[in-house]
Amino acid sequence: MAKYELLALLPLTGTDEELKAVAGKIEKRLTETGGTVVGSLALQKGRLPYSILNLKQGYHHLIQFEMEEKALYENRRALTLSRDTIRFDIKRIAG
């Protein structure tokens with residue numbers, strides 16, 4: 001299995017509990033599709049370098065996980081269609 005990092009940008013529209021639930025839902029989806037979550041960083045509020053959907057700030061959540069490459073496509077598609085994430089980026093890391 002390959003190792004990956006997922007950086008998700010979530011909108012500031014919800015409470016801290018709601019945002020943690022969204023992050024938990026992303027991690028749950030990764031494990032349900034055959035991945036293993038290795039670690040994650042807590043949500044961090046940050047200023048965006050440019051306005052996205054008229055938003056100037058967002059929460060960043062970083063997840064490190066292992067997964068087969070075939071299952072990664074499903075997760076990319078689910079994150080793209082999700083209304084819970086503004087943007088996301090998945091990078092393969094050495095390991």
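This is a predicted model: local features need pLDDT of at least 70, side-chain atom pairs count only at pLDDT 80 or more; totals for chains, interfaces and linings use all residues.

The points cover the sheet, the helices and an aromatic pair.

1. Sheet order. The sheet is open and consists of four strands, arranged β2-β3-β1-β4 with antiparallel pairing. The edge positions are taken by β2 (36-52) and β4 (87-93); each has a single partner strand, so one side of each lacks a neighbour in the sheet. On average, and with direction ignored, neighbouring strands are turned by 20° against each other.

2. Pairing of β1 and β4. Strand β1 (residues 2-11) runs antiparallel to β4, and seven bridges join the two. In one of these strands, β4, Ile 93 is the bridge partner of Lys 3.

3. Helices. Helix α1 (residues 16-32) packs on the sheet and touches β1, β2 and β3 (55-67). The direction of α1 makes about 30° with that of β3. Helix α2 (residues 69-81) also packs on the sheet, where its contacts are with β1, β3 and β4. Between the directions of α2 and β4 the angle is about 165°.

4. Aromatic pair. How many aromatic pairs does the count give? The count comes to one. The ring centres of Tyr 4 and Phe 65 lie 5.6 Å apart and the planes meet at 25°; planes under 30 degrees apart count as stacked, so this pair is stacked. The pair links distant parts of the chain, with Tyr 4 in strand β1 and Phe 65 in strand β3, 61 residues apart.

5. Burial of the pair. Are Tyr 4 and Phe 65 buried or exposed? Both residues are buried.

Conventions:
Residues are numbered from 1 along each chain as its sequence is written. Side-chain values use heavy atoms; hydrogens and water are left out. Two strands pair if DSSP finds at least two bridges between them. Axes are lines fitted to C-alpha atoms, for helices over the stretch in contact, and angles run from 0 to 180 degrees between N-to-C directions. Contact means heavy atoms within 4.5 Å. Rings of Phe, Tyr and Trp (its six-membered ring) pair if their centres lie within 6.5 Å; planes under 30 degrees apart count as stacked, over 60 as edge-to-face and the rest as tilted. Buried means under 20% relative accessible area, exposed over 50%, partly exposed in between (1.4 Å probe, protein chains only).
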